[in-house]
Amino acid sequence: MGNQVIKLSATAQEELIASYRAHSVNPPPHARFSAKTPQCVITVYNSGKVMFQGRDADTEAAKWGTSIKKEPSVPKNVLPEGFSDWSVIGSDEVGKGDYFGPLVVVAAYVPKEKIALVKELGVKDSKLLSDTEIVRIAKDLHVTITYQKATLHNPAYNKMQRTMTQGKMTAIAHNAALSALLQKLDATPDAILIDQFAEKNIYYNHLRSEKAVVKDDVYFSTKAEGLHVAVAAASILARALFLKEMDKLSATLGVTLPKGAGAKVNQVAADLILRYGQSRLNEVAKVHFANTKKAIRLSELKR
């Protein structure tokens, strides 16, 4: 069993906690947060250190930083010099940590001659933008650049999750969006940059059963939104599409579905169970999240 420890800033800790919140468990002493996935246990200590334990400890830790147990090493995937000025397809996903709503992946192509224009539209790291700003910028991007979405709506997501991990589903969606976009384009991009959610070898291992796999000139990096505007654009478009789907689901159910995977989500899910029955969650939520069990318990208390 692997064991990795890294040190993160307060901001990075919050990002990590949000990412794993769906798998949260009671933290041990001197820790502020702990999560347990099928392959790894992640613990955030009050000191700012984060411990990863389990089969995928190395992979999960690599998403967030360098182990403080070893001498810093040269990153495996260093982008070429001048990469930010290249014509690039960026690919990113939204909804992976949200209980309600689909998983949305967008691959977006920003040719070098449009980089300045896309930045002028306000494109930057989506975490620095409000949802209102994201929707506005996405409307401009829709008529400015070429992109392709791959959406795993909740019924399909839940069916796939019975036989595969969320990481594999995410990889399949990225590959689908990239494949469709490359077929749509007249030009040939200089490179493809995927916002890294898994190590390169793991990503391609997830795709070993796919008929067509995009492999040429593909780079992977964490925090890729800051490395090329194409990834930032993809993230904004994916977020806008996710928000649109959440609005549709909310209208269908007659209740505003909250984002994330916190206590408010549990309350709303419990109310939905009481109103429509537990099976309805399969249509609007990622039912393998821990929120489902919490919602069931809450609904039983309310009966």
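**Figure 1. Exposure of K223 and its salt bridge with E15 in the predicted model.** In this predicted model, K223 counts as exposed, because its relative accessibility of 54% lies over the 50% cut-off. The side chain of K223 meets that of E15 in a salt bridge, with a distance of 3.4 Å from N to O. E15 belongs to helix α1 (residues 10-20), whereas K223 sits in the loop between β10 (218-221) and α8 (229-253), so the pair ties together parts that are 208 residues apart in sequence. E15 itself is partly exposed, its relative accessible area being 25%.

**Figure 2. The salt bridge between D131 and R239.** The side chains of D131 and R239 meet in a salt bridge, at 3.3 Å from N to O. This pair links distant parts of the chain, since D131 lies in helix α4 (residues 131-142) and R239 in helix α8, 108 residues apart. How does the exposure of the two partners read, buried or partly exposed? D131 is partly exposed, with a relative accessible area of 27%, while R239, with a relative accessible area of 18%, is buried because this value falls under the 20% cut-off.

Figure 3. E283 counts as partly exposed, at 42% relative accessibility.

**Figure 4. The whole protein as the setting of the close-up views.** The protein has 11 helices and 10 strands. Its radius of gyration is 20 Å, close to the 19 Å given by the globule rule for 303 residues, so the protein is as compact as a globular protein of that length. The C-alpha trace spans about 60 × 50 × 35 Å along its principal axes, and buried residues make up 50% of the 303 residues. Of the contacts between residues at least 6 apart in sequence, 70% join residues at least 24 apart.

Methods. Residues numbered from 1 in each chain as written. Predicted model: local features only at pLDDT ≥ 70, side-chain atom pairs only at ≥ 80, totals over all residues. Heavy atoms only, no water. Helix = DSSP H or I, 4+ residues; strand = E, 2+ residues; numbered from the N terminus. Rg over C-alpha atoms; globule rule 2.2 N^0.38 Å. Buried < 20%, exposed > 50% of the residue type's maximum accessible area, 1.4 Å probe, protein only. Contact = heavy atoms within 4.5 Å. Salt bridge = Lys/Arg side-chain N within 4 Å of Asp/Glu carboxyl O.
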